[in-house]
Amino acid sequence: MAQRQLEFYQALLARGIQEIQALELSREEALRILEALNGILITPETTPLLWAGVAQRLGDEDPTVRKVRSLSPAGIWALADAAAQFWRGNREVLKEIIGE
């Protein structure tokens with residue numbers, strides 16, 4: 001059962017990454033999002049409002065915030081996962097979310 005759930009979660013993240021890549025974020029935009037997420041507690045309960053944390057730091061009218069807000073739950077989970085990886089030292093995840 002645990003293996004099945006892990007596979008499901010990995011598929012969800014893969015779909016979310018595709019969605020993030022479809023936003024065609026510039027490297028600068030992606031870094032601004034990741035910076036905005038630095039230090040924000042990301043839990044299953046707070047993940048659906050991840051965009052609000054970005055908005056609080058970048059401003060509601062920032063075009064980047066609109067992009068983040070447009071993400072589906074899969075995209076938000078993938079972004080939360082990418083931010084956690086990035087701030088744990090995996091800088092390669094930046095390339096993944098911008099599609100390099």
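Predicted model: local features only at pLDDT ≥ 70, side-chain atom pairs only at ≥ 80, totals over all residues.
Colleague: What does the radius of gyration say about the protein?

Modeller: It is taken over C-alpha atoms, and the globule rule is 2.2 Å times the number of residues to the power 0.38. For 100 residues a compact globule would come out near 13 Å, and the protein has 13 Å, which agrees. Along the principal axes, the C-alpha atoms fill a box of roughly 45 × 30 × 25 Å.

Colleague: And burial? Which residues of α3 are buried?

Modeller: Buried means under 20% relative accessible area, exposed means over 50%, and partly exposed is in between (1.4 Å probe, protein chains only). Across the protein, 36% of the 100 residues are buried. In α3 the buried ones are Leu50, Trp51, Gly53, Val54 and Ala55. Their cover includes α2, α4 and α5 (73-87).

Colleague: What share of the contacts comes from residues 24 or more positions apart?

Modeller: Contact means heavy atoms within 4.5 Å. Among contacts with a separation of 6 or more, 69% are between residues 24 or more positions apart. Take Glu35, in helix α2: leaving aside neighbours within four places in sequence, Glu35 is in contact with Arg57 and Trp87. Glu35 is partly exposed, at 45% relative accessible area. Glu35 and Leu58 are 23 residues apart in sequence, with their C-alpha atoms 9.8 Å apart in space.

Colleague: Now charges. How many salt bridges does the structure hold?

Modeller: A salt bridge is a side-chain nitrogen of Lys or Arg within 4 Å of a carboxyl oxygen of Asp or Glu. The structure holds 4 of them. One of them joins Glu100 and Arg27, with the closest N and O atoms 3.9 Å apart. That pair links distant parts of the chain: Glu100 sits in the segment after α6 (92-98), Arg27 in helix α2 (residues 27-37), 73 residues apart. Glu100 is exposed at 62% relative accessible area, while Arg27 is partly exposed at 43%.

Colleague: Where do Asp62 and Arg32 sit in the chain?

Modeller: Asp62 and Arg32 meet in a salt bridge at 2.5 Å, N to O. Asp62 is in the loop between α3 (50-58) and α4 (63-69), and Arg32 is in helix α2, 30 residues apart. Asp62 counts as buried, at 12% relative accessibility, whereas Arg32 is partly exposed at 28%.

Colleague: And within a helix, why would residues three or four places apart point the same way?

Modeller: An α-helix has 3.6 residues a turn, so residues at that spacing point the same way. Here, Glu92 and Lys95 are both in helix α6, 3 residues apart, about one turn. They form a salt bridge, with the closest N and O atoms 3.6 Å apart. Lys95 is partly exposed, at 36% relative accessible area.

Definitions and conventions:
Residues numbered from 1 in each chain as written. Heavy atoms only, no water. Helix = DSSP H or I, 4+ residues; strand = E, 2+ residues; numbered from the N terminus.
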